[in-house]
Amino acid sequence: MLDAVVVGSGPNGLAAAVVLARAGLGVTVLEAEPTVGGGARTLDLGLAPGVMHDVCSAVHPMAWASPFFRAIRLDVELLTPEISYAQPLDGQPAALAFHDVDATAERLGTDGGAWRALVGGLARDWQAVTAVALGDKRSVPEGLVGPGALAAAIRFGFGVLEQGTPAWDRRFEGPEARALLTGVAAHTITRLPSLSGAGTALLLGALAHADRGWPIPRGGSQSIVDALLLDLRAHGGDVVVSTPVRSRRDLPAARTYLFDTSPRGLLGILGEDAPPSVRHRLSGFRYGDAAAKVDFVLSCPVPWADPDVGRAGTVHVGGTRDQMAHAEGQVHAGRHAERPMVLVSDPAVVDPSREVAGRRPLWTYAHVPAGSDRDVTEAVTAQIERFAPGFRDVVVASRCVPAARMAEHNQNYVGGDIAAGAVTLWQLIARPSLRVNPYRAGGRVYLCSASTPPGPGVHGMAGYHAARRVLREVF
C-alpha cells in the first residue's frame, strides 16, 4: 500500500508530492493527460515547426517569491525583462513598470512619488507581503516576524483598502499610474475596483520591482514542472501519466489521498462515497469569470506604436483604468466586452531560444463570461492592432481555445475559470469553505489545488500547506 496518492500534476499537486516524498513517504502522482504540469505545461501546438507554447501560465513572479520554492531551492533559470509589464494607451506613450522602481517613478512624472511610496515601499518588504498573500489564511504566516514585517503587512492591508474601493483614484493624478495598477488588478478577472483585485495588484506590482521581477523561465513554464518532477523522483516519488481518475475504483490503495482538482472534480470522483456534509460544503463553491486563450505565431516582434512596450515581458492591453473597469464589468455581467481585457506575453523578448526559424510564439488571453464558446481571435487581434498597427501582417498562424473548452486540457478550469474559483475576498479566505482546515475534505481525503488557500498562481503553496496538514494529521 502506498502512503499517499496525489491526483493531478499541476504545480500544487507536485508541490504536495515533493513535501511528502521529502518526509520519507511513498508517493505516486496520477495525471490524466499524457504530459505533466497542468496549467504550467509548454507544448508544441503544431502551429509552426518547433515553436513551443505555454498552454496557460507564462510569466512567473510568484515562482521565485514562493516561500516553498525558495525553501527547496527550485532549480529553474528565470529570465527577467528590463520592463516587467507595460500598459499601452491611446495616442500617448505607454505606461511602463520597469524592474527598477526609480525608473518607473521617473517615467510617471508627477505620480512618481506616489508610486514609489505605495508600490515601491511594498517592493522593499516583498517577503512580508508575500508571506501574508501566500499564507493559509488560518495561521500567522511563516516569515512574518518582527516589527518591520508587521508594519509592512499593515501597509499592504491599508493599500488594499485604498485601491480596492471607490477611493482608488485619490492617490494618483494621471492616467498612467492608474492604468498600470489596474492592468495588474485585472488578473483576478472580476469587477473593478475590488479588494481581491487590489490585493493582486499590490502583491504582483511589488514583485515587479523586487529581486527577480516578473521573469519568464528559459524554455517555458514546463521548466518549473520539470524541476519539481526531478526533485520528486530524487526523493523516491513518481508520476504516472495518461491515467485519468474518474471514480474511487481508479485509485490504488493508499493511506491518504490528495486532489489537485476543483471541488467539483473531487465530488465527481468520490460520487456517493462523499459524505452529505462534504457534498453540501463543496457544492457551494463558486466559480468565477473566464479566459479564452489565443496562441499566435509571429514572423517578427509585435510592432507596438510605442517601441518601449516591446521591451516588456508582459503587456496589459485594455487602455485606461476606466476602459478596463468597464470591460471587466461587462464580463462580470455575463456579456462579451466590445474591447475585452487582453493579457499578452512575448517570451522571446528575454528568451531568444523561443524563436525558431524566424517564428516566435505570442501568448494571449481575453477575459470573457464563464462558459463562453466564442472564438475571440478577432477581438484579441483588434485590441493588439489598436496599439500595434500592422500586427495582423506579422501573424503567421493562430489558435483559439474558447472558455468553454479550457477544461479539455485542464479539468480544473470549470467554464474557463483559470483561477479555479472566483477570486473574491470571501473566497480567498473561505476557499473552498470556511473551515479551520480548508484542505481536508473528509476522512483522509484532502484538496491541494488552487481552489484552496492561498488561491491561484504558480507558487505551489496550496500543495505545501495541504501536505503539511497531511503530515501532521495522518502521519
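Is aspartate 231 buried or exposed? With a relative accessible area of 13%, aspartate 231 is buried, a word used here for values under 20%, with exposed meaning over 50% and partly exposed in between (1.4 Å probe, protein chains only). The residue sits in helix 10 (residues 222-234); helices (H or I, at least four residues) and strands (E, at least two) are DSSP runs, numbered from the N terminus. Setting aside residues up to four places away in sequence, aspartate 231 touches Val18 and Arg22, where contact means heavy atoms within 4.5 Å.

Before we go on, a word on the model: it is predicted, so local features need pLDDT of at least 70 and side-chain atom pairs count only at pLDDT 80 or more, while totals for chains, interfaces and linings use all residues. Residues are numbered from 1 along each chain as its sequence is written, and side-chain values use heavy atoms, with hydrogens and water left out.

Let us turn to helix 12 (residues 276-283), where Val278, Arg281 and Leu282 are buried. These three lie on the same side of helix 12, because they cover an arc of only 90° around the axis, taken from the directions from the helix axis to the C-beta atoms. Pro276, His280 and Ser283, on the other side of helix 12, are exposed. The packing partners of the buried residues of helix 12 are helix 11 (263-270), strand 16 (440-442) and strand 17 (445-447).

Next comes the nonpolar core, a set of buried Ala, Val, Leu, Ile, Met, Phe, Trp, Tyr and Cys residues joined through side-chain atoms within 4.5 Å. The largest one has 98 residues, and Phe68, Trp115, Leu228, Leu232 and Leu258 have the most contacts inside it. Leaving aside neighbours within four places in sequence, leucine 258 is in contact with residues including Val6, Leu20, Tyr446 and Val470. Apart from this core lies another, of 30 residues, among them Ala86, Leu298, Val342 and Val394.

Finally, the structure holds two cavities of 30 Å³ or more. A cavity is a set of points on a 1 Å grid over the protein atoms alone where a 1.4 Å probe fits but cannot get out, and lining residues have an atom within 4 Å of a point. The largest cavity has a volume of about 50 Å³, counted as the space filled by probe spheres set on the points, which are joined across faces, edges and corners. Its lining includes Trp168, Leu192 and Arg321, and helix 8 (175-185) and helix 9 (195-208) are the elements that give two or more residues to it. The second largest cavity, of about 30 Å³, has Met52, Asp295 and Trp363 among its lining residues.

Note on methods
1 Å grid on protein atoms, 1.4 Å probe; cavity = no way out; pocket = protein on both sides within 12 Å on 5 of 7 lines; lining within 4 Å.
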